[in-house]
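Dear colleague,

Please find the structure below for your records.

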Amino acid sequence: MTALYLERMMNYGLTLEELQSGRPMVGIAQTGSDITPCNRHHLVLASRVRDGIREAGGVPFEFPIHPIQETCKRPTAALDRNLQYLSLVEILYGYPIDGVVLTTGCDKTTPAQLMAAATVDIPAIVLSGGPMLNGWLNGNRMGSGTIVWTAREMMARGEIDATEFTALIASSAPSAGHCNTMGTASTMNSLAEALGMSLPGCAAIPAPHRDRQEMAYLTGKRIVEMIREDLKPSDVLTRAAFENAIVVNSAIGGSTNAPIHLNAIARHIGVELDNDDWERLGYDVPLLVNMQPAGEYLGEEYYRAGGVPAVVAELIAAGRIDPTATTVNGRSLRENNEGRFTSDRNVIRAWDTPIIEHAGFLNLKGNLFDSAIMKTSVISDDFRARYLANPDDPDAFEGTAIVFDGPEDYHARIDDPTLELDANSVLVIRGVGPIGYPGAAEVVNMRPPDYLLKRGISELPCIGDGRQSGTSGSPSILNASPEAATGGGLALLQTGDRVRVDLGKRTADILIPDKELAERRERREQAGDYPYPESQTPWQEIQRALIDELANGMVLKPAVAFQRIAETKGIPRDNH
């Protein structure tokens, strides 16, 4: 076996001395490719990672992993998170690799690789590719993703045509890198840093910036040191680390996709984490980062203002974070970040002068679902005044449900005047969860019909068993679990039903008698399960058979039993 390894690894110029010197063999999990434009910059950064690995005495092995591109993959990139996870587990466990640099960026590339590193539990470190430079048009900041939701409302109102719509959106992406807003990409890379899995300051550096190249070099050096120290994900991804990440997520105005992904990483490392934890630990944390979609600025300002270290410094000073948590550089969160306050208080606010006092997620429950989250930092003044300001019923609203079975149904009917939508309507979309879609689609942030937009009603309450883009500023109630396809209450809802949402009580219910609800469930069971499209690929069918609910991280249920396999499963059997 030794001869076989050496013979083929030497065929492109590696020497026997390198391979048998005892030097660490360091993997670079390459996510950059032409069909993953958000991560394509890693094709360049990998050379500096290699330099760092060589400098520290390691031998680099760069390898491709399954691509995930949020904007291009149909039916949804969420299908691919678990596929990238599985493939990376097999690589890290089955090949002679001592440690790995995880090249992250686009939304699901970060959690997929952290999930795999957690499962195998060999030394691992995150290198983000970084956000794009700011987008600009006519002197205004154009945030990638966020402008899409504004532009589609403008087009529905007749203010722009299709050509102008495309030009407006394209203006938001001026360089290499992932979304320059606090969408899921910036959120998950910020949380990777908050978890302690990347070097301090890594998350926010714009992709084209020279500091990104330096960070790649330093990351390459550090992974070799981590291998020698045997510093593994299980040493970093502790309960305290996940609690810290929840607090940071609220402070930065992070994506509603974060609970799905963080809960998944936690399950793979063996830490108990659920949506009740997200509300308990994060709801009353103030919004400190003034960045789209919850604020004004974009990635360049976030980086210049200090990025994650400046946010963590505020949280340490306020006593809202555990500063003793270990990070991949071997130092604590306090040693890395204490006192690194921002000099730009327009972009990163002080703890006592926040943008919003309570910026975390609410975890709602009721006969519609067992768990669904609502992002409070994006509740607009108009939405609050229209739906949550009744002095006789504060922080609650009731409305008539208009139910759509998937995005095709929604797009076909939303502008139909016979629906008679008004300001008291609640838009509901179902059949868009992990099994129903399949993969859980980003479709819950639904715009009102064009005739309401022209009357100045730009938001309606939205509820769904799917997700929404992290770049969206909609205060939707989403990630509903269980989904309609697995028997959730949304499958029983009918257009015309009254729905009540009470944020104070954390409830969301269909306002019908329990007897009628039971009769509907019985009729549904007799008619068969909630219908959804057939699988179009083998992977869709395989994942549907194994997938868990969004509230549980949308993990492959059998996979969570495999933990720290580099230690617990021994060396794989010989291949010849």
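Lining residues have an atom within 4 Å of a point, and helices are DSSP runs (H or I, at least four residues) numbered from the N terminus. The most is given by α1, with six residues.

The model is predicted: local features need pLDDT of at least 70, side-chain atom pairs count only at pLDDT 80 or more, and totals for chains, interfaces and linings use all residues. Residues are numbered from 1 along each chain as its sequence is written, and side-chain values use heavy atoms, with hydrogens and water left out.

The space in the second largest pocket amounts to about 940 Å³, a volume being the space filled by probe spheres set on the points, which are joined across faces, edges and corners. Its lining comprises 30 residues, with Y5, G94, Y95, P96 and I97 closest to the centre.

The largest pocket has a volume of about 1,200 Å³. Of its 40 lining residues, E70, T71, C72, W149 and E442 lie nearest the centre. Helices α6 (146-156), α8 (184-195) and α18 (407-413) each contribute at least two residues to this lining, and α18 gives the most, with four.

Yours sincerely

How values were computed
1 Å grid on protein atoms, 1.4 Å probe; cavity = no way out; pocket = protein on both sides within 12 Å on 5 of 7 lines; lining within 4 Å.
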